[in-house]
Structures are given as structure tokens and as C-alpha cells.
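Hi there,

Here is the structure I promised to pass on. My notes on helix packing and cores follow below.

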Amino acid sequence: MTAMDTILVVNAGSSSLKFQVFATNGTKELRRLIKGQIEGIGTRPRLRAEDMYQKPLIDQSYAANEVADLPAAIRAAAAWLRASHSGDLIAVGHRVVHGGPEYHEPVLVDAEVLARLERYVPLAPLHQPNNLAPIRVLLEGQPDLPQVACFDTAFHRSHAALADHFAIPERFYQEGVRRYGFHGLSYEYVAERLPHVAPKIAMGRVIVAHLGSGASMCALAGGRSVESTMGFTALEGLPMGTRPGQLDPGVVLYFIREKGMAAAQVEHLLYHECGLKGLSGISNDVRELQNSADPRAAFALEYFVYRIGLHAGLLAAALGGLDAFVFTAGIGENAAMLRARIAEKLGWLGAALDPVANTSPQLLISGAASRVALYVIPADEELMIARHTLALLARSGTHAGGAYQNERRPDPDGIASRVTLIHRGTTRRRARIPTQPKTARTQ
């Protein structure tokens, strides 16, 4: 590797494509060079990026038909990166929401692995197709470029069987119907940051609240996930922007039997019309709800805060107490008013907010008398993906231009096979993002 070897990190969503470029000198050190995203795909596409000093590099808008879908967004981002970035691209790391029972750690992706990951689309229809689309584009246009899938479910594989089971017949668990948990890359980053931010409580009992358009909470003990609010899919737990969170399964049966709704209609409702959007009838955006005088907006936010407090009690019970509570992700990092209201709900656990610290750019926001430390730690899932990608390349001896074979080995829990890709030592050549990638199937 040379000093300008780079890793591209891609986080693809339904209406946005986030990307970052990291430089590496072959060690564990990574230096962020570019941070960018294309948002408003298909409606008001806009490409923005900044350098390591947060200096804007581009702010360009497109017509809706120019960036009508995710493959078009990938082409637009690739074109700009080719023109602006001369680094030697050695690998691409991807966020993939669902790894199912098979994948408990990052994996190099080939066509077989991609096909296996597509089986989990029904478990994460809002995310998985979009996560896999860039992988497919690059596999078709640049098959020798190593791609690493990093899973949001992997961090929660440390759960005990008690935490992962539903009270349904065991045969379904053996088939993979279990509580997986999500936002694992975010929680893993916080777990790695805590020893530097708060070494005295890092190995203690910590609840991390990933509060964004998708929202969940995770209980950490000794830096490991022991319980999470999300389960089989990313619908469970906290109410979210457009997802309901905890819901009696009987409600779904009512929709089907009494309302005559087909499975696809129920799926669309649960993923796109519920949560804050459904409760308020206005928006899924917390900022809009905070600025609205409509009582339905106030009710939606109150419900959000209430359910967070409720689930915090559940996670504290799983931990046997609480030493710290960490806010992260878009709402957790930026909505000081909601942090204050959530802290009030945690008062019975001994949490006390410092109002001044809460409205300033500080990590520690609890008061001196608080028995539970309150922190705000910005999320950095992309850095975790870059670290995993670099580490996997180092372990496997893989580089651009490599050839791979699949080797299946038993999972630690003996449920499903794991796919590992082994490098065969071919000559490395410079890898570039393809100029004309083939159209990807976005489902």
C-alpha cells in the first residue's frame, strides 16, 4: 500500500447516498479525506461534499430525471469522485442492514454472497435493496475491486439466547426467526469511543440511544450488546419517523382480516405511513414537528419521548442498573429540547441534566449531582465501516485485482454457514470506480 491508498465507504438509503473517502498508509490509521452525500434522489437531487477540514468541495443540484434512482446517484457520485479524487482505490466498504443468522462479522462480497444477502430483503425491505444496489453495480463494472459488507446486525450477535428468542416454537428460531437488533455499527462506534470519553464507566452498564429517522436503543455491558429494542426487523421497539415501533401482532391480523389489506399494503403502511408521520399527520421530521403549533405534532413528540423512557426502563432492568446514558444520531445529537425531556423521564434512575451543557457542544451533559452520566457522542458508522474494511483486507491479504473462492464454515451457534473469501495472491492493479456501470436492480 502507498500513502494515498484509499477506501471508499458507501451507505445507501432509499432517498440518499452517503459516501466517504479515507486514506490509509497500510496501518490501522485512517484519515478522512472526503465526506459527501446525494440527497433527494428522484425529487430534488443535491450532491454535497466537504474535505477533512469541513471545507465545501461541491454543492450541486440536479433535475429530478438526472438522478431519478439510486443507480443514477451512484453514477453521479462516481463521476464527481473520478474528477476530484486521484487516490488509489483499494476497496469499498458498505453498510448492509441485515446479515441474517449467517453473517456475524464483515465479509468480502462476491456474486454468491450477494445472492445470499438478497434473501434478507423481506426482513429489511426499506434498507436491504438499497444497501445491495451499489455492491451489484460495482461487482458488474469492477469485479476485481474488493468490496466488504459490514452488518448492522453483527454487533448484537453477543446476545444470550434469552434475549434473542421469541416465545414461539423453537423450529422457527432454528430457521432464523429471532431478535437480531440493528444500528449495530453505530453502537459499536460508541462502544469503542467510550473508553476514551469516559473510561470509568465504559465497561459498566450503559444505554445508547440511536435517535434518528430510524430509532433504537441498545444495552451495553462491558462494551458488548446484551439487549436491544429492535428485533426480527427494523420495525420493532421505539416509534420512528415512519415506522410504528412496538405493535401488538393482533393489529396486523386486524388489518388483514377486517380491513382486507394485502401483505404488501400492510408492509407499506408499517414502513412508510406510521411513526411520527402517522401520529402527527404532518411530517416525520422532528424539526418540523417542534416548530408546528398543531397539537397532533406535540402529541407525536410526547409519544416519542414516553416510549424512549419506557424502553429505557426495560434496558436498565436487563442491565441490573444504569451507569450512563448516551445520545447519538441525528435527533440524539441535535435536538437539545428532546434530550432534556428524555432526561426527565430518566430521573427515577438518578439522571439529572445540566441545562447549560445540554445546549453547548459538550460530550458530558449531566449535572454534578447526577447518579447516571449523560453523554452526547456523535455517530460515525462510516469510520467503523472503513476500519472493518481495512482490517479484513489485512487479515485476508486481499487487494484490488484479487481472486477469491468461497469457504463455508460453521457459525459459532451452529445454525448457519458463514462465507469467507480467501485471496489467491494475484498481482494488484489500480482500481477505479467504473465509468459506465450497468444499471442495478433496486427492487
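Axes here are lines fitted to C-alpha atoms, for helices over the stretch in contact, with angles from 0 to 180 degrees between N-to-C directions. The model is predicted, so local features need pLDDT of at least 70 and side-chain atom pairs pLDDT 80 or more, while totals for chains, interfaces and linings use all residues. Residues count from 1 along each chain as its sequence is written, and side-chain values use heavy atoms, without hydrogens and water.

Helices are DSSP runs of H or I with at least four residues, strands are E runs of at least two, and both are numbered from the N terminus. Helix α6 (residues 184–197) packs against helix α15 (residues 381–396) at about 85 degrees, the axes being 8 Å apart. The pair is therefore roughly perpendicular (65 to 115 degrees). From α6, L185, S186, E188, Y189 and E192 meet E381, L383, M384, I385, R387 and H388 of α15 (contact means heavy atoms within 4.5 Å).

Now the cores: each is a set of buried Ala, Val, Leu, Ile, Met, Phe, Trp, Tyr and Cys residues joined through side-chain atoms within 4.5 Å, buried being under 20% relative accessible area with a 1.4 Å probe, protein chains only. The largest nonpolar core has 42 residues, of which I207, L211, M217 and F325 touch the most other members. Helix α11 gives the most to this core, ten residues. A second, separate core of 35 residues includes C150, V190, L383 and L392; L383 is also among the α15 residues that meet α6.

Happy viewing!

How values were computed
Parallel < 35°, antiparallel > 145°, perpendicular 65-115°, else oblique. Buried < 20%, exposed > 50% of the residue type's maximum accessible area, 1.4 Å probe, protein only.
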